[in-house]
Structures are given as C-alpha cells and as structure tokens.
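Please open the model in your viewer and keep the sequence panel beside it. The stops below take you from one selection to the next.

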Amino acid sequence: MPILRTKDIREMKPEERRKRLTELKAELMRLQTIVKAGGSVDNPSRIRELKKTIARILTIENEERISQEKKGKGKGKR
C-alpha cells in the first residue's frame, strides 16, 4: 500500500478514511508482531511510514471535528 499524502487524506470521505485507518493499524500490528517474535521484515522503514500515516489521518480527523464544533457553537451565541 502506498503512503498517503495529506492532500489525498483530506480528499477522502470520512468513511473511507476510517476504513483506511483500520487497514493501516492492522498492517502495523502485523509487522510489529513479526518483529517482536524475532522475525525480520522485508522493509523495516515501513513501520515508521505506517505510524506517520496513521498520525496524519488522526490529525486531520481531529481538525475536522474541532472545526465542526466551532461552527456549531458559533450559531447558538447570537
């Protein structure tokens, strides 16, 4: 799976983003299990890439959640 760029993540629908997040977490868990069991991974830098991509997705979701909360609060004050 290629690494997702921020632009690509922002263009995704929320459902698609959550689905991709679960896939990435599952792959990360699989790779970490292999390493902890004493095995070797073909591409060790893939673990770091997965962690960064997961963090990007979570950051963008959090930004959108915060912007939605601000929009909702602004209407009720006037």
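**A contact between two side chains**

Begin by selecting arginine 46 and glutamate 27, whose side chains make a polar contact at 3.1 Å; such a contact is a pair of N or O atoms within 3.5 Å, and within protein one must be able to donate a hydrogen and the other to accept it, while residues adjacent in sequence count only if both atoms are side-chain atoms. This is a predicted model, in which local features need pLDDT of at least 70 and side-chain atom pairs count only at pLDDT 80 or more, whereas totals for chains, interfaces and linings use all residues. Residues are numbered from 1 along each chain as its sequence is written, and side-chain values use heavy atoms, with hydrogens and water left out.

Stay on arginine 46, which lies in helix α3 (residues 45-76); helices here are DSSP runs of H or I with at least four residues, strands are runs of E with at least two, and both are numbered from the N terminus. Arginine 46 counts as buried because its relative accessibility is 10%, where buried means under 20% relative accessible area, exposed over 50% and partly exposed in between (1.4 Å probe, protein chains only).

Within α2, colour the buried residues, which are Arg17, Leu21, Leu24, Glu27, Leu28 and Leu31. Just after α2, move to glycine 38, which takes a positive phi of about 95°.

Finally, show the whole protein, which has 3 helices and 0 strands.
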